[in-house]
Amino acid sequence: MTRVLVINSGSSSLKLQILDTALETELAWALVERIGEPVGTLTVRRGDLAGSPGGERTVEATVPDHTAALSRVLELAGELGAHPTDLGVEAIGHRVVHGGPDFHDPVEITPEVEAGIEKLELLAPLHNPANLRGIRVARELLPGLPHVAVFDTGFFHTLPAAAHTYAIDRAVASRWDLRRYGFHGTSHEFVSRRTAEILGRPYDELDQIVLHLGNGASASAITGGRAVDTSMGLTPLEGLVMGTRPGDLDPGLIIHLIRDRGMSPEDVSTLLNRSSGLEGLAGARDFRELLARVDAGDDDAVLAYEVVIHRLRRYIGGYWAVLGEVGAITFTAGVGENVARLRADALSTLGGWGVDIDPEANENGAGERIISRAGSRVTVLVVPTDEELAIARACDRVLGLGE
């Protein structure tokens, strides 16, 4: 039995989950929100253990920084018998968004690894600094356990040169490590492997497209058990339309805004990271709100939805051409798992390519399932992602736990 604490540290939040990797069950879960604001929220939940009933508590408190966040949430967990020491945690896994050119595989964290992650902050200024704060605080407050970093970009280090190379001056690209890295890799790997298991197919013999659709969204093409293309690039801005990010756009637009319209680089960064995508098009980053407004006839929401579907179709078709043939298309993450209309609309033009959705299976059901008809040449699935379990399993592999 191996128990791992998984930490996902954001700029103003801290999410923790304790998992039993042998049983693939959640033992405890915690979330700290609004770190650095006047009032933060801390929630801890513990499952039923060995006949002892679980419980959940939520408190409000001032949480000035990540040190206070982890310290306070560990205290609260201790009151519920859900502290890592209470539950026999053997290791701690950390999500790190950007691994850059050097970090591909999960790695036990040392001072040298910390320094390497810090050097990558320029490539992921919104994510890596927060990830690193979580690592440093956890190593300080839980020093007796091994810590492992698992990188979102790792799964995509297999991209062939033709897929990861930007057509810019080679010397500039080499000097600054400018290339397509891809993100959500932990999710894409987990879901693609699970898809092969559901279909009873060897992972390295299945050509598939995975669509991770949430507030952040990305697509991948996978063949021979290796990613050969993905929609996100140097940063998580490229690719599909997202909650607040635009996905693909003409780089000349950025030059125009800075040079000709007087916007600063910081203004443009804010525009592209926080005020674009669904938020920019319709003022509704939440997909449920967007669909409610579509049904109400809101023209801005209708256009935003149509842009989302158009971009999805472009990527599915493009990846089909890259792969040559497709055995499975899998939807995952919050929107991909829960919005039947989007799944149907995204694939509605592919009947001639052998995609035959079963409307009843698509509209109904929950959890992992096949939503295409039995005679469909391409199997379409919904597979919930579990990045925390994937990170916990990575800790097992790196540290040789449970052997």
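User: Leaving aside neighbours within four places in sequence, which residues is Phe287 in contact with?
Analyst: This is a predicted model. Here, contact means heavy atoms within 4.5 Å. With neighbours within four places in sequence left aside, the contacts of Phe287 are Leu278, Tyr305, Val308, Val335, Val339 and Leu342.

User: How many residues does the largest nonpolar core have, and which have the most contacts inside it?
Analyst: The core in question has 45 residues. Those with the most contacts inside the core are Phe287, Ile329 and Leu342.

User: Which element gives the most to this largest nonpolar core?
Analyst: The largest nonpolar core has 45 residues. Several elements each supply at least two residues of this core, including β9 (208-213), α10 (287-295), β12 (328-332) and α13 (340-347). With eleven residues, the element that gives the most is α11.

User: How many residues are in the second, separate core?
Analyst: This core includes Ile18, Ala30, Ala77 and Leu80. Its count of residues is 28.

User: What is the angle between the planes in the aromatic pair of Tyr315 and Tyr319?
Analyst: Both residues lie in helix α11, four residues apart, about one turn of the helix. Both Tyr315 and Tyr319 are buried. Their rings are 5.6 Å apart, centre to centre. The pair is edge-to-face, and the angle between the planes is 75°.

User: How many residues apart in sequence are the parts that the pair of Trp320 and Trp353 ties together?
Analyst: Trp320 and Trp353 form an edge-to-face aromatic pair, 4.9 Å centre to centre. Trp320 lies in helix α11, while Trp353 lies in the loop between α13 and α14 (359-363), so the pair ties together parts whose separation in sequence is 33 residues.

User: Is Trp320 buried or exposed?
Analyst: Buried means under 20% relative accessible area. The relative accessibility of Trp320 is 12%, so Trp320 counts as buried.

User: What is the relative accessible area of Trp353?
Analyst: Trp353 pairs with Trp320. Trp353 is partly exposed, because its relative accessible area is 41%.

User: Which residue has its backbone oxygen 2.7 Å from a polar atom of the His157 side chain?
Analyst: His157 is found in the loop between β8 (147-151) and α4 (161-164). At 36% relative accessibility, this histidine counts as partly exposed. The backbone oxygen at 2.7 Å from the His157 side chain belongs to Gly154.

User: How far apart in space are His157 and Pro101, C-alpha to C-alpha?
Analyst: In sequence, His157 and Pro101 are 56 residues apart. In space, their C-alpha to C-alpha distance is 8.3 Å.

User: Which residue has a ring with the charged end of Arg179 over it?
Analyst: The charged end of Arg179 is 5.1 Å from the centre of this ring. The ring belongs to Tyr181.

Conventions
Residues numbered from 1 in each chain as written. Predicted model: local features only at pLDDT ≥ 70, side-chain atom pairs only at ≥ 80, totals over all residues. Heavy atoms only, no water. Buried < 20%, exposed > 50% of the residue type's maximum accessible area, 1.4 Å probe, protein only. Polar contact = N/O pair within 3.5 Å; in protein donor to acceptor, adjacent residues only side chain to side chain. Core = buried A, V, L, I, M, F, W, Y, C linked by side-chain atoms within 4.5 Å. Phe/Tyr/Trp six-rings, centres within 6.5 Å; stacked < 30°, edge-to-face > 60°. Lys NZ or Arg CZ within 6 Å of the ring centre and 35° of its normal.
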